[in-house]
There are 2 protein chains.
Amino acid sequence: MEYTFSDRVSNLKPSAIREIFKYAADPEVVSLSAGNPSPDAFPAKEIAEISAKVLAENPISVLQYSVSEGYTPLRRHLTEYMKKEHNIGREGDDILITTGAQQVMDLCSKALVNEGDVVICEAPSFIGSLNTFRSYNAKLVGVPVEPDGMSITALEQALKDNKNAKFIYTIPNFQNPSGVTMSLEKRKAVYELAKKYGVLILEDNPYGDLRYSGEFIPNIKSFDEDEIVIYCGSFSKVISPGMRVAYCIAPKQIFQKLVVCKQGSDVHTNIWSQYVCDEFITKYDFNAHLEKLRKLYTKKAQFCMDLLDKYASPAITYHKIDGGLFIWCDLPESIDMPSFCKEAVLKKVCVVPGNAFLTDENEKCNSFRINFSTPTDEQLEKGIKILGELANSKLK
Amino acid sequence: MEYTFSDRVSNLKPSAIREIFKYAADPEVVSLSAGNPSPDAFPAKEIAEISAKVLAENPISVLQYSVSEGYTPLRRHLTEYMKKEHNIGREGDDILITTGAQQVMDLCSKALVNEGDVVICEAPSFIGSLNTFRSYNAKLVGVPVEPDGMSITALEQALKDNKNAKFIYTIPNFQNPSGVTMSLEKRKAVYELAKKYGVLILEDNPYGDLRYSGEFIPNIKSFDEDEIVIYCGSFSKVISPGMRVAYCIAPKQIFQKLVVCKQGSDVHTNIWSQYVCDEFITKYDFNAHLEKLRKLYTKKAQFCMDLLDKYASPAITYHKIDGGLFIWCDLPESIDMPSFCKEAVLKKVCVVPGNAFLTDENEKCNSFRINFSTPTDEQLEKGIKILGELANSKLK
């Protein structure tokens with residue numbers, strides 16, 4: 001039988017990052033291509049404790065069907081926490097627990113985007129989200145990322161040019177892949193432009209708690225007097241990605257549509273893991289845990305940047321980061337980035353070619369992304385040394 | 001701001017069953033409207049044991065990101081188990097772990113159905129699946145369910161009338177909501193018709209292991225020499241629905257598209273729960289556990305049918321079942337079913353009106369569905385007595 005697939009997936013390819021993971025799975029290859037939390041970051045002991053407790057105390061509720069909106073105590077505690085810590089969430093908002101942040105992208109696309117509608121993205125941006133938008137046949141329009149966040153001029157032009165833009169997708173803190181943090185001025189400007197043009201904002205903040213330097217900058221959702229921002233948070237980087245627990249805080253009308261879509265997607269998120277996250281943020285010292293993570297990653301990020309200074313200069317330059325898990329590296333024009341990445345794999349180091357993060361993958365790009373949270377210090381040193389030698393040998 | 005939702009969700013309503021749950025949440029109301037496993041059905045002790053073990057032995061793998069296809073040992077063990085026990089799965093097939101069986105419906109719709117394409121369903125059928133198909137703007141065409149499964153004449157007519165039919169959705173064992181089991185002859189006929197008309201079959205089998213009487217009938221997927229059947233199985237009814245672990249066995253080309261869609265939906269299914277399911281089916285006596293469940297439910301099903309004989313006759317008639325969790329009840333023409341269900345709620349008993357399960361909810365229907373797995377014996381007796389009294393009082 002000749003299978004006929006839907007238009008929306010006929011041209012979809014597996015994520016380029018996931019393809020690169022195939023090389024990365026070779027134990028001889030140093031992978032700087034992942035985005036996994038450090039193995040040292042998981043509160044495994046606490047999770048085991050909580051899990052034993054909730055299974056002993058509430059075995060039926062933990063194992064039975066639950067409601068699509070999410071576990072009520074977790075929703076309440078997150079609502080209180082986000083209000084208190086970040087001034088996020090107003091009376092007109094409600095909170096939905098999702099199966100990872102990826103599901104927020106999926107549900108928002110499903111609820112808001114007709115085929116051909118425009119989603120405005122940062123360029124570069126997180127490939128997983130871009131692929132989800134593509135899977136609904138959204139048209140992606142990229143807005144260049146500058147050192148202080150997306151170009152406001154280009155954003156306004158994109159809004160003028162695309163009357164059918166549905167939302168602006170942004171990762172304001174320690175953006176994946178660029179590492180860039182959007183300035184307060186630009187956050188306000190993005191908000192005002194969205195309001196002016198009647199377009200929603202989808203604010204994705206998986207790394208917000210992982211700031212290593214510089215001052216906290218309020219999230220766009222904290223300005224949201226007009227109910228135009230959908231905020232997405234996640235436990236993947238701060239508790240465990242394997243549990244797949246994330247959330248979004250959205251205006252109630254949108255929330256209601258997302259709930260209906262979630263019913264049809266997976267009914268509800270794993271309830272056991274929702275219990276575990278709830279106990280962890282309420283009965284343990286969550287802020288102390290975050291502080292521990294920041295300490296761990298501050299050290300790793302600095303170590304990585306020191307290695308880049310030591311081994312990669314002058315051929316590879318990089319953008320200093322204040323948080324997150326990624327560093328964006330640039331090659332000079334004289335070095336062809338895709339060939340460089342392929343040669344690096346042959347030398348057993350895996351990075352992600354920058355064009356993978358563009359709205360148009362065929363666009364020329366001379367950057368690549370490295371991750372420092374997953375590899376060990378030894379792997380980082382080995383990998384960056386090889387990258388530096390390879391790039392510098394090409395300069396001569 | 002006036003929100004504009006996508007065409008596919010503008011007319012979607014929350015599931016009628018979920019709306020009924022709101023009444024069912026009142027502790028004074030006897031709910032016969034759910035589809036939850038019995039609280040006595042969960043292997044809670046074993047799950048706690050396994051969870052403690054895997055978190056102690058493999059904390060990182062259990063909590064870290066994993067692959068979209070699913071946990072490799074679970075995929076291998078399920079493949080072996082399904083082949084050995086049910087002759088399901090051939091060389092051309094592959095297995096994907098999903099976040100509940102609902103996600104199989106979602107991914108198949110996403111990968112296969114363009115807006116306006118037809119999905120052929122049993123009428124009545126499982127409301128959750130129908131709503132997922134609707135959320136992709138599929139056109140649903142219903143084929144009446146007879147006591148031995150869907151009408152083959154009506155199915156062929158539907159296939160002739162709808163050249164853009166993408167798949168036939170069927171629950172051959174102890175169908176939800178009708179309780180009907182499709183005969184072997186009809187399973188073969190459905191397979192041959194699908195082959196003849198070049199249409200796929202989506203075989204949903206959540207209750208297959210819960211047979212209480214009669215002989216095992218081979219699943220449609222076991223005939224699948226032609227790679228036209230997508231088989232969906234689930235741990236929700238036999239281990240725990242709260243963990244959201246299910247799977248589908250599909251021809252490789254389709255499998256690959258489903259994997260790409262899953263990457264964009266939730267990246268992967270909760271890996272902790274996948275470890276737990278894998279250990280439970282391999283290190284524990286899974287078949288003995290299934291036997292225990294069948295014993296529990298055989299008793300409950302018989303108790304429920306005895307109560308219907310005792311209290312509901314002659315106004316309410318019902319269809320005897322050989323398995324599953326639901327009994328389909330008919331009212332005489334003289335009683336208006338929707339009014340009856342509303343009055344029942346006022347008398348504190350909640351059932352699901354039969355029209356909720358039709359492809360066209362506005363079609364006339366004189367049946368309703370009751371569930372016997374969730375309520376206690378006392379609740380069942382109380383509920384059915386009230387239903388019987390109400391119906392019989394209307395006969396006079």
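Within chain A, R8(A) and E115(A) form a salt bridge whose closest N and O atoms are 4.0 Å apart; the term denotes a side-chain nitrogen of Lys or Arg within 4 Å of a carboxyl oxygen of Asp or Glu. One salt bridge is counted between domain 1 and domain 2 of chain A.

The model is predicted, so that local features need pLDDT of at least 70 and side-chain atom pairs count only at pLDDT 80 or more, whereas totals for chains, interfaces and linings use all residues. Residues are numbered from 1 along each chain as its sequence is written, chains are lettered from A and ligands numbered from 1 in the order in which they are written, and side-chain values use heavy atoms, with hydrogens and water left out.

**Domains of chain A**

Domain 1 of chain A comprises 7-43 + 288-395 and domain 2 comprises 60-283, the bounds being taken from an automatic or database domain assignment. Their C-alpha centres lie 25 Å apart. Ten residue pairs, both at pLDDT 80 or more, are in polar contact across this interface; such a contact is a pair of N or O atoms within 3.5 Å, where within protein one must be able to donate a hydrogen and the other to accept it, and residues adjacent in sequence count only if both atoms are side-chain atoms. On the side of domain 1, two or more residues come from each of α1, α2 (16-24), α12 (286-312) and β11 (326-330) of chain A. The largest share, seven residues, belongs to α12(A). Helices (H or I, at least four residues) and strands (E, at least two) are DSSP runs, numbered from the N terminus.

**Chain A with chain B**

Two salt bridges are counted between chain A and chain B. D106(A) and K110(B) meet through their side chains in a salt bridge of 3.2 Å, N to O. On the side of chain A that touches chain B, α10(A) gives the largest share, nine residues.

**Extent of the two interfaces**

Contact means heavy atoms within 4.5 Å, and buried area is the accessible area (1.4 Å probe) that two parts lose on being put together, summed over both.

| Interface | Residues in contact | Buried area | On carbon and sulfur atoms |
|---|---|---|---|
| Chain A and chain B | 78 residues from chain A, 78 residues from chain B | about 6,600 Å² | 57% |
| Domain 1 and domain 2 of chain A | 32 residues of domain 1, 34 residues of domain 2 | about 2,900 Å² | 64% |
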